[in-house]
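Look at the sequence and the structure first, then read the points below.

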Amino acid sequence: MYTGLPQDPVILLSVINTKLRDHYPTLEALCDDMEIDRGELTDRLGMIDYAYDAGRNQFV
C-alpha cells in the first residue's frame, strides 16, 4: 500500500473518496496512478463495511 495514505481506515475512506470525486474517473485509474494495490485498499475499507460502487465512483 502507498505509504503516503492514512493508516486509519475512516480517514483513508475520506481521502480516497475525495480523490475519486476530484481527480479520478475510476478506482482502477486511482490505483494505477498512485501505485496502490486495489485488493489491499478494498480489504482495508471493507474492514469498516465499505465497498466500491463503480456507478457512484466512491466507497459506500
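Two axes count as roughly parallel at angles under 35 degrees, roughly antiparallel over 145, roughly perpendicular from 65 to 115, and oblique for the rest. The axes are lines fitted to C-alpha atoms, for helices over the stretch in contact, and angles run from 0 to 180 degrees between N-to-C directions. Helices (H or I, at least four residues) and strands (E, at least two) are DSSP runs, numbered from the N terminus.

This is a predicted model, in which local features need pLDDT of at least 70, side-chain atom pairs count only at pLDDT 80 or more, and totals for chains, interfaces and linings use all residues. Residues are numbered from 1 along each chain as its sequence is written, and side-chain values use heavy atoms, with hydrogens and water left out.

**Helix α1 against α3**

- The axes of α1 and α3 lie 9 Å apart at an angle of about 125°, and the two helices are therefore oblique to each other.
- On the α1 side, the contact (heavy atoms within 4.5 Å) is made by Pro9, Leu12, Leu13 and Ile16, and on the α3 side by Leu41, Arg44 and Leu45.
- Six of these residues are nonpolar, none is polar and one is charged; here Ala, Val, Leu, Ile, Met, Phe, Trp, Tyr, Cys and Pro count as nonpolar, Asp, Glu, Lys and Arg as charged, and the others, Gly among them, as polar.

**Helix α1 against α2**

- The axes of α1 and α2 cross at roughly 105° and come within 10 Å, so these helices are roughly perpendicular to each other.
- Ile16, Lys19 and Leu20 of α1 make the contact with Leu27, Leu30 and Met34 of α2.
- This contact has five nonpolar residues, no polar ones and one charged.

**Helix α2 against α3**

- Helix α2 (residues 27-34) packs on helix α3 (residues 38-46) at about 115°, with the axes 10 Å apart.
- Leu27, Glu28, Leu30 and Cys31 of α2 meet Arg38, Leu41 and Thr42 of α3.
- The residues here are four nonpolar, one polar and two charged.

**The nonpolar core**

- A nonpolar core is a set of buried Ala, Val, Leu, Ile, Met, Phe, Trp, Tyr and Cys residues joined through side-chain atoms within 4.5 Å.
- The largest one has 15 residues, and those with the most contacts inside it are Ile16, Leu20, Leu27, Leu30, Ile36, Leu41 and Phe59.
- At least two residues of this core come from each of α1 (9-22), α2 and α3.
- Leaving aside neighbours within four places in sequence, Phe59 is in contact with residues including Leu13, Asn17, Leu45 and Tyr52.

**Two loop residues**

- Glu35 is found in the loop between α2 and α3, and Asn57 in the loop between β1 (52-53) and β2 (58-59).
- Buried means under 20% relative accessible area, exposed over 50%, and partly exposed in between (1.4 Å probe, protein chains only).
- Glu35 counts as exposed because its relative accessibility is 69%, whereas Asn57, at 13%, counts as buried.
- Most residues other than glycine have a negative phi.
- Phi of Glu35 is near 55°, a positive value, and phi of Asn57 is near 55°, also positive.
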